[in-house]
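The following exercises ask the student to describe a protein structure step by step. Each task is followed by a worked solution.

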Amino acid sequence: MAAASLAAPLAFKPQTTQLRISSGDGPITRTVLSTPLRDAKPSELPIIDVSNIFSSSLDERQVVAKQLREACTNTGFFYIKNHGVSVEILNAAYAASLEFFRQPADIKERANSNQSKIFNGYKPPQTQRINPFESVDVRESFSWKYDPKYDESVADVSSIPVEVAKCLTSEEFLWDATSNLPQFKEAILAYWSACMRLARALVRSFALSLSLPEDFFDSKFSHPDATFTVNHYPPIEKPAVQMEETTQVSIGAHTDFQLFTILWQDTAGGLQVLNRDGQWINAKPVEGTFVVNIADYMQRITNDLYVSTIHRAQNWSGRERISMPFFFGFNLNESCGVLDSCVGEDGKKKYDEISCMNWLMRRVEQMHNTSES
């Protein structure tokens with residue numbers, strides 16, 4: 001009797017698609033699994049209690065720094081709780097944002113960012129395309145960049161060094177244009193100021209996490225690139241089949257630009273993160289937390305040790321969605337190369353030093369180009 005032939009089982013290969021995104025170094029492509037969207041696991045997006053970044057004990061601050069390092073070398077996305085930003089400040093900014101966006105279009109247009117030299121102000125629908133290989137973003141937004149006269153750590157604006165001041169622009173038109181909403185400016189600036197205090201503490205914690213002195217970066221963020229944006233997303237229809245380059249997106253797949261982002265999101269959900277396996281996962285809203293993610297400039301200076309992860313938003317909730325990201329980077333007059341503490345045994349530095357201004361403008365100008373690629 002002939003021996004039965006035993007065929008080796010075929011290895012299962014999940015279907016994939018190709019995702020292209022824009023980056024500061026040109027287009028990049030990622031292979032994405034065509035598996036169903038799922039919620040993130042705690043190991044992928046941990047919740048970190050950061051209350052001790054304000055502690056007087058270095059040992060307690062080091063504990064938080066260690067947790068940050070673990071998260072930043074994994075997915076580069078994590079939640080933070082006990083962050084020191086009050087519920088009252090968050091609720092006021094949220095209510096003010098809704099009040100602004102629910103106005104008639106002609107009223108919002110008074111604050112249009114086409115009046116700005118630095119993209120401050122209101123950006124109507126169909127004016128932003130953060131990923132040139134996907135649809136135009138289905139959102140409208142309001143943005144405001146750092147102005148030292150509203151920075152509580154700046155005692156005298158006239159004493160700012162010339163090399164710093166030349167990178168700063170003060171614009172008041174957006175506040176004049178929103179003066180019909182008496183609480184708007186106050187609520188937005190209170191939120192921005194609270195995030196500034198948190199971000200400055202986080203930078204020192206990141207320094208510790210990189211085996212650097214806690215004050216290593218202090219001189220580089222005296223007048224930081226600290227931008228507040230509030231995004232208003234109308235609901236969009238969930239597609240039957242997800243095709244990466246043809247599906248309508250609330251905001252396209254991208255990485256953030258500078259050091260890190262602190263994001264508050266409402267309960268509608270929609271934030272999605274591309275994990276290391278190439279699978280989209282939900283970063284669901286968690287009450288009392290911010291989402292923090294590492295951005296490109298941080299990845300550069302850490303020699304890819306810390307991960308700037310691709311993410312997007314899809315508002316399939318059936319209702320409007322608000323998100324309030326706070327983007328934080330060094331002073332725009334600063335530059336930074338790969339940190340010595342992040343160079344491996346081979347001594348290789350993967351990136352050249354680049355100025356923060358050049359890096360930022362390279363990315364921002366791309367985002368406001370809505371033409372087809």
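For the charge exercise, Lys and Arg count as positive and Asp and Glu as negative, while His and the chain ends are not counted. The place of a charge is taken as NZ of Lys, CZ of Arg, CG of Asp or CD of Glu. The model is predicted: local features need pLDDT of at least 70, side-chain atom pairs count only at pLDDT 80 or more, and totals for chains, interfaces and linings use all residues. Residues are numbered from 1 along each chain as its sequence is written, and side-chain values use heavy atoms, with hydrogens and water left out.

**Exercise 1.** Determine how far apart the mean positions of the positive and negative charges are.

*Solution.* First, count the charges: the protein chain has 36 positive and 45 negative ones. Next, compare their mean positions, which are 4 Å apart.

**Exercise 2.** State what share of the residues is buried.

*Solution.* Buried means under 20% relative accessible area, with a 1.4 Å probe and protein chains only. By this criterion, 54% of the 373 residues of the protein chain are buried.

**Exercise 3.** Describe the largest nonpolar core.

*Solution.* A nonpolar core is a set of buried Ala, Val, Leu, Ile, Met, Phe, Trp, Tyr and Cys residues joined through side-chain atoms within 4.5 Å. The largest has 80 residues, and Phe217 is among those with the most contacts inside it. A second, separate core of nine residues includes Leu45 and Val291.

**Exercise 4.** Identify contacts of Phe217 beyond its neighbours within four places in sequence.

*Solution.* Contact means heavy atoms within 4.5 Å. The partners of Phe217 include Val203, Ile301 and Leu339.

Terms used. Buried means under 20% relative accessible area, exposed over 50%, partly exposed in between (1.4 Å probe, protein chains only).
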